[in-house]
Amino acid sequence: MKLLLITESDELQDRIAREFRPHQVEIIQYWSPLKGMDNLDEVAPDVVIFSAVDFPRHWKTFLMFLRNSYARDRIIFVLLVSESFDANEASKAQHLGVNAVIDASLQSRQDLNRLRDIITRYKRLDESRSDYRHTPDELDDIDFLFSHPRHLRLIPGTVEDISTTGIRFSPHRPQVVQDLDSGSLLTSCSLRVGGDLLTINCTVVRNTESLALTFEEMDEAARQRIAEYLENHTERAIEHASS
């Protein structure tokens, strides 16, 4: 997948790159909207992320140019905005064919999850893990807890996404796990999925803004229980909508 990023912020580029690196997303950054328009057909992106904070006078022109040739389900257009972006501007963006409007800083995990969900609504992300990653929502009952391997302090936090082979976990106090390097083994971790409490071992794959962990030597019954719970999310959503 190709993602075209129109922004002057290298920090924003780094943040998006960290988020989508596991999905083998190719990120092309342009510091000029006009250059992005000139090279749009050549780049042939699947997603455009445009900073209206950096280029407040150019996003409408870019979006109109884009939608003259490409529909909303062919190239996703995500507009990054500040708090000053009002309802009138939002209405114009909707009329011109924007897919989503998101806070420009992308600082919170909620904003990053929303960006991911918007993209996966239209496109399928490649996975470095072998199976589907699920981002838990209010319909899910998924929790994870482990003890730090050195000082044995319990580490609570939030499950950012999960598959049958691994998990991405954001500790409530990231500073407590800063010393966990890639390859660190976490034993006897507790994973709750629905009504089941599983005891598993995990290995740290990455330790950046969150912990990317793989499940080690998980028995097939436990793996199947996770798979069934994730697959039943649609049923839970239907039940919730009809209640």
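**A look at helix H5**

Guide: Let's begin at the end of the helix: just after H5, Gly97 takes a positive phi of about 105°. Helices here are DSSP runs of H or I with at least four residues, strands are E runs of at least two, and both are numbered from the N terminus. This is a predicted model, where local features need pLDDT of at least 70, side-chain atom pairs count only at pLDDT 80 or more, and totals for chains, interfaces and linings use all residues. Residues are numbered from 1 along each chain as its sequence is written, and side-chain values use heavy atoms, leaving out hydrogens and water.

Visitor: Which residues of H5 are buried?

Guide: Buried means under 20% relative accessible area and exposed over 50%, with partly exposed in between (1.4 Å probe, protein chains only). In H5, which covers residues 87-96, the buried ones are Glu89, Ala93 and Leu96.

Visitor: Why do they line one face of the helix?

Guide: An α-helix has 3.6 residues a turn, so residues three or four places apart point the same way. The arc is taken from the directions from the helix axis to the C-beta atoms. Seen down the axis of H5, the buried residues line one face because they fall within an arc of 70°.

Visitor: What do the buried residues of H5 pack against?

Guide: Contact here means heavy atoms within 4.5 Å. On the other side of H5, Ala87, Gln94 and His95 are exposed. The buried residues pack against strand E4 (76-81) and helix H4 (59-67).
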